[in-house]
Amino acid sequence: MAAALGLPAVAVAGAAEATSTSPTLNSVIPTPVEVHPQADAAFRLGPLTLVRAAGGARAVGDQLARALRPATGYPLPVVPIAPHALPTISLVLGPAEPLLGDEGYRLTVDRKAVTIRANTPAGLFAGTQTLRQLLPVEIDAVTPQRRVWTVPGGTILDYPRFGYRGAMLDEARHFHTPDEIKAYIDEISRFKVNYLHLHLADDQGWRIQIDSWPRLTTVGGAPGTGVDGVGGGYLTKSDYRDLVRYAAARYVTIVPEIDMPGHVNAAQVAYPELTCDGIAPPPRTDTAVGYSSLCISSPTTYRFVEDVIRELAAMTPGPYIHIGGDEAHATTDADYLTFEQRVLPLVAKYGKTAYGWNEIAKAPAASTAVAQYWDTATTNPTVAAAAARGTKVVMSPANKAYLDMKYDANTPLGLDWAGFIEVRTAYDWDPGTLVTGVPESAVLGVEAPLWSETLRKLDDIEFMAFPRLAAIAELGWSPVATHDWASFRARLGAYGPRWTLQGVDFYPSPQVDWS
Ligand code: TNX
């Protein structure tokens with residue numbers, strides 16, 4: 001093609017030595033709805049390739065070009081209109097196609113062009129994540145690589161099974177910095193994960209600035225807070241807003257959580273008036289749960305809760321405020337109901353949908369809320385009854401989706417109260433049929449929580465999250481008919497070198513043949 005146009009030949013010197021095999025159209029994680037490979041239709045990225053993206057597609061085009069430039073060394077200019085003769089990656093919004101919804105896309109690859117079409121920029125972004133996986137693994141290198149950059153020919157039609165595909169990071173037990181959170185956002189968005197839930201307060205620490213209760217962070221986020229006293233730190237409002245923006249640019253929505261009425265020891269250390277006896281409890285740096293409770297009969301409690309919800313809602317453009325509700329073992333059942341009946345509606349007062357751990361399903365007011373299922377049982381009559389009344393459910397069964405569970409007895413990090421979770425265990429379940437009486441129509445999606453009692457740094461997060469997060473992402477995105485361990489295992493094995501090149505410290509599970 002280049003020769004026919006009188007253009008310089010693509011720099012292929014050394015390409016013959018490239019060792020990795022090029023991916024096929026069937027290599028993508030999460031696997032797409034439909035894949036139709038076409039022989040002899042591969043697209044070759046070269047020094048003259050353009051990225052065509054106009055209007056609402058421009059930002060995604062810029063991001064794609066930025067992602068592809070370092071390894072290829074090609075300029076990849078982003079232009080609104082491209083001459084037909086030049087090899088082009090086109091990102092096109094519309095014409096509207098209902099099947100694709102808000103996040104779907106069509107990808108077409110032939111010799112002349114790669115075209116991604118979607119109804120929305122989010123759909124284009126999803127398509128570009130697919131495209132990155134169709135390029136040779138060296139595309140994830142940070143320095144120029146001499147090799148031939150081809151994309152296999154054919155077409156992909158793709159859209160998600162569930163609208164909610166989440167990851168959760170526990171900021172309370174050990175604080176993770178904004179840069180670490182951003183790295184995690186980059187890593188999860190590669191798999192079309194579209195929500196990041198931040199667990200911002202717990203017994204050991206409080207990690208988000210609240211102006212009307214400043215000691216929450218000056219005391220609750222001070223040095224020495226966190227498990228083992230090494231997790232100090234907190235997000236200022238400006239840090240948080242910056243994270244919200246950073247995530248939004250990757251089509252990830254932040255879900256903030258303040259856990260209540262239990263898991264509040266750090267708040268009570270800062271403000272003793274949040275206890276019933278007015279006496280500050282000692283700060284806690286251990287990993288016990290279930291010992292603290294807000295004072296359910298006190299008006300101060302509700303002033304506090306409303307202030308926190310109002311300030312969180314004001315800095316959160318996303319639809320959800322998570323109010324915890326788990327393991328309230330120091331709250332009586334009657335008090336728990338009183339509390340939830342009063343607090344769940346407060347979230348709606350500030351324009352957001354209430355979200356909580358599955359215990360909130362006990363409260364009638366949860367019928368308009370989202371319940372996060374962390375139970376390990378496949379029957380839970382309370383959650384099933386709530387689902388029948390309208391509660392939507394996000395599936396995070398602790399024995400399958402908890403990224404803080406050890407892979408096996410030898411895993412140096414993590415906990416094991418819900419069992420060991422190897423990659424296959426994380427993959428082999430169906431969110432649409434897991435819990436009796438919670439039909440797929442009641443399931444909003446899936447989330448993989450990562451509690452950080454044992455996790456201090458980004459490498460720790462990566463080691464526990466990957467590869468299992470990819471398994472949960474596939475359960476959330478791909479049609480149930482495509483579910484296939486042998487296929488997933490093979491695609492994962494081929495993905496390993498991408499993590500290596502990105503510097504992601506993944507767990508090399510013995511269940512997978514890593515390339
Ligand atoms: C249970 S799961 C908790 C957390 C712990 C986690 C550790 C849930 C809603 N609560 O407080 O961090 O176990 O795996």
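This is a predicted model: local features need pLDDT of at least 70, side-chain atom pairs count only at pLDDT 80 or more; totals for chains, interfaces and linings use all residues.
Let me begin at the ligand, where one of its oxygen atoms sits 2.7 Å from an N or O atom in the side chain of W417, a polar contact in the sense of a pair of N or O atoms within 3.5 Å. Of the accessible area that the ligand has on its own, 360 Å², the protein covers 98%, with areas taken from the Shrake-Rupley method and a 1.4 Å probe.

Residues are numbered from 1 along each chain as its sequence is written, and side-chain values use heavy atoms, with hydrogens and water left out.

Altogether 14 residues surround the ligand, each having a heavy atom within 4 Å of it, and the closest are R173, Y402, D404, W417 and E453.

Now to the sheet, which is open and mixed in its pairing, with seven strands in the order β1-β9-β6-β7-β5-β3-β4; strands are DSSP runs of E, at least two residues, numbered from the N terminus, and two of them pair if DSSP finds at least two bridges between them. Because β1 (34–37) and β4 (78–79) each have a single partner strand, one side of each is left without a neighbour in the sheet. β1 pairs with β9 (residues 154–158) in the antiparallel sense over four bridges, and H36 has T155 in β9 as its bridge partner.

Note on methods. A polar contact is a pair of N or O atoms within 3.5 Å; within protein, one must be able to donate a hydrogen and the other to accept it, and residues adjacent in sequence count only if both atoms are side-chain atoms.
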